[in-house]
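These are my notebook entries on the structure shown below. I looked up salt bridges, the contact between the chains, annotated spans and backbone angles.

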Amino acid sequence: MKNKLQQMTVPLYAVLTGLILGAIIMLISGYNPLSAYGSLVVGAFGSASAIGNTLTSAVPLILVGLGIAVAFRAGLFNIGAEGQYWMGAIVAVWIGYHFPTLTPILHITLALLGAMLAGALWGGVIPGLTKSLVGAHEVITTMMLSYIAIFFVHYLLEQGPMMAPGFVPQSRPIAATAALPNLFPATGIFSNATLSSGFLIALAAAAVTHIVLFRTTFGYRLRTVGHNPAAAKYAGMSVTRFTILSLGLSGLLAGLAGGVQMLGVDQQLNDSVSSGFGYTGIVVSLLARNNPYAVILAGIFFAALSVGSQTMQINSGVSANMTDVITGIIVFFVAADRLYQYGFSRIRSRVRAKSLERTEQG
Amino acid sequence: MSAIAQIFTNPELYAATISMATPLALPAIGGTFSERTGVVNIAMEGNMLIGAFFAVMVAAATQQAWLGLLAGMLAGGILSLGLAFTAIRLQSDQVIVGMALNLFASGLTAFLLNTVYGYNGTPTNTPFLPSITIPFVSSIPFIGPIIGHHDVVVYLMLLIVAGSQYVLFHTKLGLRMRAVGENPEAADTVGIHVARMRYLGVFIGGMLSGLGGVYLSIGLLNAFDVNMTNGRGYIALAAMIFGKWTPLGSFGAALLFGFATALSIALQNVGISANLVSMLPYALTIIALTGLVGRSRAPAADGIPYAPSK
């Protein structure tokens, strides 16, 4: 019980530390941190369209975050989700602009299944095999494959097979049958607001991930392999198979993120291939302590930082990059969780020393 | 066909290779120092960015490029102390802290660029580091145009390659640093201060990565731009692994990767996709890890915090 409480308090401390240090940096630079944070909150949640934007932006973060959480649970660090995201995006867009005669449900399902498969193969096969056969660290292999995927997108779009007719390096847009619908009604306060139905997919993915991890034998084994590979091996589990499967499952979710983002928001591949979701997704799962439901909250939090930062820059003049600084600080303090114990124990021992002194003097 | 042959016989391709290898070799050697003492370092990108920014800031303020160089190296070193402290004292996950520092550095430098200099960017009168022409060498045909004339940081880098290889593998200090990265318990038993060696390794790593950033901002240019390192810190990570965690190997890998970059630019003119050539360094790194071209193995205690049992 105490452990569970600690799991929640460290991320909260870290967020608080990030916001306070961010405020100090703003003060030093001559800005008013309260009005900056105020406009950030308004920008993220102040209207129906702001809320729609924030939740829509949270979708890829939640999906990638779930993928990374699965890998972490299996004791693996998938740092290359960015590449798996793009492989998913490529396949989703390709299916999206072919087959315009399919019914929407079939077309969307096919495109998303393709995206998941692409992400799973890109994340699972090479990193999984090299990790379990020769011990190549998955941090390096997934990172390298991520760069290869990004160059692959550039290749496809710059005079490559997926370049749309014309001179702009972009793909053809997906067919209307492949586009994910808007969840908000087009009336009243929602008339200018959009919420991608990808948000429902993200919520469903979190629930499914939670069930798989905590309610199935597969999930139990996956966590056992992550927690204690030697014991898992001794119990007769194939660590090789679980390494490949968990990295594949992780890539599947990242690929799904790419697919959902393409069908719901971008609707085509652009040459500005740098989503950053692969990295922010790591931050999301870290802050959520790899808990699928907490990933939803963490995803919305970082989406709000990013969406609100634009309003913050316009209204209070603080550069939108400030939120990256805050994100960095938060991750640092989540990783340095012992700092709080260390700090508190020092304060405690100092207090104890003082009171000892007093009793000795008294 | 002759167009391609012309590319390969042009000394400019090889001069560009050396120039492009410099901001890879420096952080790769920096990472080598850190990981040889047992601290996994993926923060080279952040150290480079911080180094690049503060080099421009100090150079512009003092109108002294050399002070800019020192400031950039020191800034990289100071940022890396964040990694050192959390890795050594708090036994944090080193990959995650490295990632945090990269995010922090990328955000902070972009924020400072906007806040300090506004939309016009860094001052146009920022001094840059001088280029050097080596007498005699520069007049040798073919070789001269390749190595005879470069920015001073390129020659500094060559000295650092040789010096680092010597220090790590032929001095008592280097032996101690490596011992701490291979078997900290044993090193501790014979009286080597494990934490001190690790702080030193990470700090040297940060300074060398910072110097890589300095080369980009006041060596090649005299300006800082948002995320101007453009992932070089991560390629340097690949170079370090491909170079089997040695300075000389890192340099060789940096040359290979630099060549791939220079080649991809040159080949663009004859219609071969630069994007496909650019994948090479990353693919080679995976192959190197699988052992097809000689297995690349990390120091045994790399990434494992040392908690002495008293």
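**Entry: salt bridges**

I count a salt bridge where a side-chain nitrogen of Lys or Arg lies within 4 Å of a carboxyl oxygen of Asp or Glu. By this rule I find 2 salt bridges over all chains. In one, the side chains of A:Asp337 and A:Arg289 meet, with 3.6 Å from N to O. This pair joins distant parts of the chain, 48 residues apart: A:Asp337 is in the loop between α13 (322-335) and α14 (338-361) of chain A, and A:Arg289 is in the loop between α11 (277-287) and α12 (292-316) of chain A. I take helices from DSSP runs (H or I, at least four residues), and strands likewise (E, at least two), numbered from the N terminus.

For exposure I use relative accessible area with a 1.4 Å probe and protein chains only: buried is under 20%, exposed over 50%, and partly exposed in between. A:Asp337 is partly exposed at 25%, and A:Arg289 is partly exposed at 26%.

I also looked up A:Glu138, which forms a salt bridge with A:Lys131, the closest N and O atoms being 2.8 Å apart. A:Glu138 is buried, at 2% relative accessible area, whereas A:Lys131 is partly exposed at 25%.

**Entry: basis of the values**

I note that this is a predicted model, in which local features need pLDDT of at least 70 and side-chain atom pairs count only at pLDDT 80 or more, while totals for chains, interfaces and linings use all residues. Residues are numbered from 1 along each chain as its sequence is written, chains are lettered from A and ligands numbered from 1 in the order in which they are written, and side-chain values use heavy atoms, with hydrogens and water left out.

**Entry: chain B against chain A**

How many residues of chain B are in contact with chain A? With contact taken as heavy atoms within 4.5 Å, I find 41 residues of chain B meeting 44 residues of chain A. The two chains bury about 3,700 Å² between them, 80% of it on carbon and sulfur atoms. Buried area here is the accessible area (1.4 Å probe) that two parts lose on being put together, summed over both. B:Phe111, B:Asn275 and B:Tyr282 supply 17% of the area that chain B buries against chain A, more than any other three residues.

I then asked which helices of chain B supply at least two residues of the side that touches chain A. They are α4 (65-88), α5 (94-117), α11 (232-242), α13 (274-278) and α14 (280-290). α5(B) gives the most, with 14 residues. I find 0 salt bridges between chain B and chain A.

**Entry: annotated spans of chain B**

An unreviewed UniProt entry places the feature "transmembrane region" at several spans of chain B, among them residues 13-33 and 199-224. Such annotations may be inferred rather than shown by experiment. Residues 13-33 of chain B are 100% helix and 0% strand, with their end C-alpha atoms 30 Å apart. Residues 199-224 of chain B are 85% helix and 0% strand, and their end C-alpha atoms lie 29 Å apart.

**Entry: positive phi in chain B**

I recorded B:Asn227, a residue other than glycine with a positive phi, near 50°. B:Asn227 sits in the loop between α10 (194-220) and α11 of chain B and is partly exposed, at 39%. B:Asn230 is found in the loop between α10 and α11 of chain B, with phi near 55°. B:Asn230 is exposed, at 63%.
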